[in-house]
Amino acid sequence: MNIAIDTGGTFTDIILYDMKKSIFWTDKIPSNPENPENPFIDGLIRILKLSGHSKNEANNLIHGTTIVTNSIIEGNVAKVGLLVTEGFRDLLEIGRQQRPDLYDLKKGRKASLVRRDLVGEIRERVSSNKKVILPLDKKQSLAQIKTLKKKNIDTLAISLLFSFYHPIHERILEKLAQKMFDKRHVFISSRISPEFREFERTSTTVIAAAVAPKVVNYISSIRTKLSAQVMDHVRMRIMHSGGGTLETIEAEERPHALIESGPAAGVVGAAYLSKKLNLNQVLAFDMGGTTAKVGMVLKGKLQYSQEYEVGGEFHHAGRQRGSGYPVRSPMIDIVECGAGAGSIAWIDEGGHLKVGPQSAGADPGPACYGKGGENPTVADAHVILGRLRKENFLGGKLPIYPDLSEKVIKRNICVPFNIKPVKAALGILSIANTNMLRILRLISIARGYDPRDFALMAYGGAGPLHATELAEMISINHVVIPFMPGLFSSFGLLCTELSTDFVETIMIPITRIGSFNKAITRLKKKADVWFEQNGVIIKARKMEVRADLRYSHQNHELNISLPHLSLTKNDIQIIQKRFHKAHTKAYGHYAPDDKIQIVNLRLRAIKHYTKPRLPNLDAKSKLPVAKNAKTRLVWFKEGRLACQVFKRSTLTSGFRGTGPAVIEEKESTTLIRIGWDFQVDRFGNLHIRRHIQKV
Amino acid sequence: MSLKIDAITSEVVLNTFQSIAEEMNVALICSAYSTNIKERKDCSCAIFDPTGHLISLAENIPVHLGSMQGLMNEVGCNPVKWKLHPGDILIANDPYRGGGSHLPDITLIMPVFYAGKIAAFLTNIAHWADIGGCAPGAGTAGASTEIYQEGIRIPPIQIVHNYTPQNNVLEIILSNIRGRQEREGDLRAQISSLYLGERRLNELFKEYQAKTITRVTEEVFHYSERWLRKALRKAPAGTYRFTDIMDDDGTSEEHIPIEVSITISHQNRPSISFDFSGTAPQARGGINMVKQALLASVLYSVRAIFAPKIYINAGFQRPIKIKAPQKSLVNASEPSAVGGRTDTCQRVVDVIMGALAQAVPDKITAASNGATTAIIFGGTQRLSGSDFICIEALGGGMGASYSKDGMDGVQVHITNTSNLPIEALEMEYPLRVLRYELIKDSGGAGQFRGGLAIRKDIQALVPMIFSAHADRHTVSPWGLWGGKGGKSGQFLLNPGKSQAQRISSKVSGITIEKDNVLSAQTAGGGGIGSPLEREKEKVLEDYLLGKISRRHALKEYGVVIKRSGKINQAVTESSRKKKKELERDKP
């Protein structure tokens with residue numbers, strides 16, 4: 001039996017999947033940011049009771065957590081010491097020497113995660129051609145480590161220049177340090193991120209060191225709680241940002257890989273579902289309380305980026321570069337913006353209506369929650385337009401006060417603009433939508449794809465409410481609302497593999513097959529060690545190799561998959577072709593005569609798990625359709641239209657309907673615009689298609 | 001329909017315009033060849049309406065707007081002359097005939113047609129690592145005395161006709177510059193970025209009618225105009241003056257004054273005007289600004305001081321008036337050299353900050369490092385025998401503001417280029433970085449401290465040529481209201497050695513022998529308020545973090561720090577008291 005627990009900012013979602021019967025049990029309980037392990041255990045016990053299973057049966061647990069991201073955002077991190085090459089103590093202080101905002105004179109950079117007096121300089125130097133120019137001074141090193149130890153640091157990060165070529169110096173320091181520190185508290189950059197570009201490598205290593213104690217404590221407090229429930233047998237895996245999962249022991253070693261593990265899960269779910277539905281190109285769109293996120297799925301495959309900024313601030317479309325801490329680790333490519341159900345509508349200095357990126361969050365939340373929210377939000381706009389109803393909001397668990405929505409929208413928007421509430425509400429939504437369109441475009445067009453060729457898979461509490469409107473604006477004709485959209489990230493957790501990533505910077509021309517293959521072999525060896533450690537039998541071992549390639553004059557790389565683990569001349573030609581093609585796709589041109597260089601080689605080691613079977617609607621639901629046929633008036637930009645209202649749980653496989661319509665379920669509401677039809681597939685997914693082509 | 005409702009529609013369309021400019025920028029950065037564009041993002045993109053008014057800007061470098069607007073003005077005032085058709089792209093860089101602000105900034109412009117008429121113009125700009133001239137990177141070096149020495153001048157000319165590159169033009173350009181392969185790649189990236197923008201604009205025009213777009217852009221202009229006028233109304237009306245001095249122009253040691261008189265008026269509609277009368281005549285050395293560069297510097301300052309979050313467009317420019325004497329340092333004429341104009345741009349911003357300190361003290365900063373400190377190494381790779389040019393622009397200290405210390409080691413004001421990773425630099429060029437750090441005690445003391453300067457020591461592994469332009473090597477950045485100035489910068493050859501040698505701030509093509517080390521040190525930012533008012537704990541913290549020395553703490557702040565790392569409270573009190581009395585007694 002598999003249990004997925006996804007801890008989000010507002011709610012902790014739990015799904016129990018009974019493999020024998022192919023049944024899903026779901027639950028949603030409020031999160032507890034102070035002690036996330038409490039709802040974790042409560043939720044686990046509750047779902048077992050709910051489904052009538054015994055504690056013994058819970059053997060496989062997959063967890064998505066925000067603990068790493070939150071601790072960095074809140075500055076709740078360890079006291080980190082850092083060792084760098086002599087002459088470079090300010091690598092983190094200076095960073096890329098940029099300010100996060102061009103014009104805001106008062107907007108400073110985030111304070112470095114390492115105090116400047118906790119940076120030690122090591123006498124050593126390796127050159128760009130891998131030669132030791134200055135051998136490591138052991139005595140001086142020891143003195144530096146001792147100095148830091150005296151300053152009571154919790155953890156130590158070590159990052160020397162060119163250590164990705166020559167890790168020996170870092171290893172020596174690691175050994176010296178491990179004599180004075182807990183082994184789990186020493187991190188060297190050549191293990192954490194053995195890639196070139198010193199600032200990002202150092203930043204990643206420091207983040208690992210900064211969050212490590214927190215992660216170790218969290219995992220052990222979960223273990224203690226499981227133990228108290230006599231559930232020591234539970235095998236827990238934690239979702240990493242690259243779309244796979246790690247055993248807890250590896251999560252402790254690579255804590256920086258846990259950033260954004262929740263959103264990554266949603267995209268994994270979307271990838272699995274799009275394979276099942278034979279959808280070639282899917283935009284996976286997740287809209288929650290404070291942010292909207294979008295990932296791209298091509299032919300059922302996830303797309304990756306290699307760098308991310310944690311703790312960064314949002315502006316209207318995406319994150320503000322330079323406002324967070326760079327982390328380099330293979331991540332599912334997700335673009336996000338500050339648009340969610342709780343995003344606040346406000347009027348700027350010039351008199352334009354803006355929405356977000358500030359959010360009312362969960363507390364006080366939108367005005368309609370009645371918890372003292374004084375600002376109109378996206379959710380309030382939906383309430384005004386009759387799209388969200390109190391009977392239906394979170395299964396009726398939370399009361400909704402439409403009069404409060406109206407009050408704040410009138411006061412903050414209607415009065416200054418001299419417009420009616422409905423117009424204001426429509427305005428709020430269309431602006432929130434254009435903000436989200438920017439990220440839908442950024443991820444597709446900027447990567448060389450045409451969004452019109454995609455299906456939009458929308459989930460998260462608010463995704464299904466916005467999906468058809470967004471699709472219409474970006475000329476997408478097919479929207480998919482998966483079954484259980486409100487818990488889709490947890491479903492994604494159930495679809496994950498056990499996987500880890502290995503990387504090596506090699507910097508050679510692509511034509512050097514010998515060196516190329518040797519490097520792959522080195523990574524394969526590392527992967528085999530990992531497989532052994534995780535008890536994966538040889539048959540179940542799967543490896544994927546990719547390379548970061550560029551024209552030798554460039555300084556940005558494209559990540560290209562390699563056809564085999566051992567390459568022939570012919571394979572090289574295939575790879576070259578793939579690169580030219582990808583370059584054209586991404587940037588509109590390629591240079592057939594230019595030399596191609598391999599920067600990094602990446603190998604992902606994977607162990608597959610049996611995926612959940614999607615529910616089959618034919619077998620169970622036999623409710624007569626007639627019962628659904630209620631109507632309700634809902635506002636659209638075209639005016640007030642009578643919508644058919646359906647309860648999603650009663651819709652049978654093959655059921656068809658026509659917009660305008662509203663489909664309500666426990667965790668979410670789907671809005672279907674006029675001009676769109678919908679149909680329920682045999683798994684219970686909603687397919688919404690446009691039937692009138694726009695002129 | 002009321003104007004207010006248009007405020008919602010126009011926000012939606014504005015968002016789309018902004019998104020298009022951003023996408024063009026992303027595409028340009030990703031596909032360019034040279035590190036200068038890719039790693040340092042020394043490029044920008046913009047969209048103009050058919051009459052040449054700026055609609056939307058995705059900028060990495062504020063000063064870039066000047067050149068894009070400049071070329072737009074050249075082309076926009078006579079579109080017939082250019083016989084523009086769909087798929088045509090013009091290229092230019094000339095400050096005197098092509099709207100540019102210095103030669104290495106290559107600007108491209110493309111008309112976008114809808115229903116047979118020009119519906120918009122797209123532009124992008126990228127700083128090329130070389131543009132020919134008397135030495136590698138001469139276009140940026142600032143040591144020339146005539147623009148002819150700075151590289152090839154390109155007046156507006158068709159580089160693409162009907163989506164086909166014009167190879168004859170391309171060949172002339174590429175034959176005049178170093179590293180042609182890389183430049184060709186950059187140009188291709190610039191062209192592709194325009195094509196992407198054209199595609200997206202066409203979608204937008206199809207979705208909204210041309211009429212709606214015109215109405216929306218007009219509303220968007222009003223919107224930014226309203227915003228700025230509102231902000232100006234909050235500032236006290238009056239005339240504010242300030243003068244600052246640049247080190248020299250590289251040809252002599254004579255100081256060069258920049259003077260401004262700024263008038264904020266509340267009459268009719270609030271407006272702000274800048275008069276640079278009193279500024280030095282155009283210089284012999286290459287630090288001159290043409291009017292486009294001045295425009296960009298003023299627009300940056302107004303935005304940063306009065307409305308950092310505003311959308312910059314033609315409407316934003318309406319309340320702003322600029323007057324600068326002809327043939328002056330800030331409004332130079334042909335054939336003045338302009339390669340090092342960014343140092344002057346930075347100083348213009350400082351001067352504006354200094355003047356407006358009297359009007360809006362809480363919105364400005366004290367003087368920042370006041371230069372762009374571009375250092376350029378060029379030569380031949382030992383192994384491959386191919387030419388290389390490596391350009392680095394170093395940040396420095398930012399001036400303190402009314403309630404905050406200035407940022408340490410950062411790019412300020414009109415530039416925001418990132419550094420090149422040390423590992424990337426060493427893999428690509430025969431150079432080795434020995435030191436890259438903040439300079440202790442370089443931030444101007446004050447209740448709020450100026451930011452620390454940067455030091456970068458680079459060793460030449462083969463003999464090579466060095467060029468540079470910088471400033472604030474002799475005249476240090478000023479503080480305000482009792483705040484001290486930041487430490488000046490310097491270039492040192494072989495620092496710490498007996499044959500250490502100071503190199504002036506503006507040089508072109510001096511030889512650096514193998515294994516010699518060039519230490520580039522920028523200036524720190526100025527402080528604000530009396531250092532004696534700075535909280536003792538903050539002084540101690542700066543000391544503990546190694547940002548100031550014990551001596552500096554005592555001398556500037558009157559804070560006595562014991563060897564144990566604690567403040568000697570009693571002695572500090574009396575030392576600060578004594579210093580305050582001394583200060584009071586000063587005339």
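A: Start with the ground rules. This is a predicted model, in which local features need pLDDT of at least 70 and side-chain atom pairs count only at pLDDT 80 or more, while totals for chains, interfaces and linings use all residues. Residues are numbered from 1 along each chain as its sequence is written, chains are lettered from A and ligands numbered from 1 in the order in which they are written, and side-chain values use heavy atoms, with hydrogens and water left out.

Q: What radius of gyration does chain A have, and why does it agree with a compact globule?

A: The radius is taken over C-alpha atoms, and the globule rule is 2.2 Å times the number of residues to the power 0.38. For 695 residues a compact globule would come near 26 Å, and chain A agrees because its value is 26 Å. The C-alpha trace spans about 80 × 65 × 55 Å along its principal axes.

Q: How many helices and strands does chain A have?

A: Helices (H or I, at least four residues) and strands (E, at least two) are DSSP runs, numbered from the N terminus. Chain A has 17 helices and 33 strands.

Q: How is the size of an interface given?

A: Often as the accessible area lost when the parts come together. Here buried area uses a 1.4 Å probe and is summed over both parts. Chains A and B bury about 7,500 Å² between them, 53% of it on carbon and sulfur atoms. A:Gln97, A:Tyr103 and A:Leu105 supply 12% of the area that chain A buries against chain B, more than any other three residues. In contacts (heavy atoms within 4.5 Å), 77 residues of chain A meet 93 of chain B.

Q: How many salt bridges join chain A and chain B?

A: A salt bridge puts a side-chain nitrogen of Lys or Arg within 4 Å of a carboxyl oxygen of Asp or Glu. The count between the two chains is 10. One of the pairs is A:Arg441 with B:Glu203, at 3.7 Å, N to O.

Q: Is A:Ser489 buried or exposed?

A: Buried means under 20% relative accessible area, exposed over 50%, and partly exposed in between (1.4 Å probe, protein chains only). A:Ser489 counts as buried because its relative accessibility is 12%. A:Ser489 lies in helix α14 (residues 488–494) of chain A. Leaving aside neighbours within four places in sequence, A:Ser489 is in contact with A:Asp6, A:Gly262, A:Ala265, A:Gly266 and A:Asp286.

How values were computed:
Buried area is the accessible area (1.4 Å probe) that two parts lose on being put together, summed over both.
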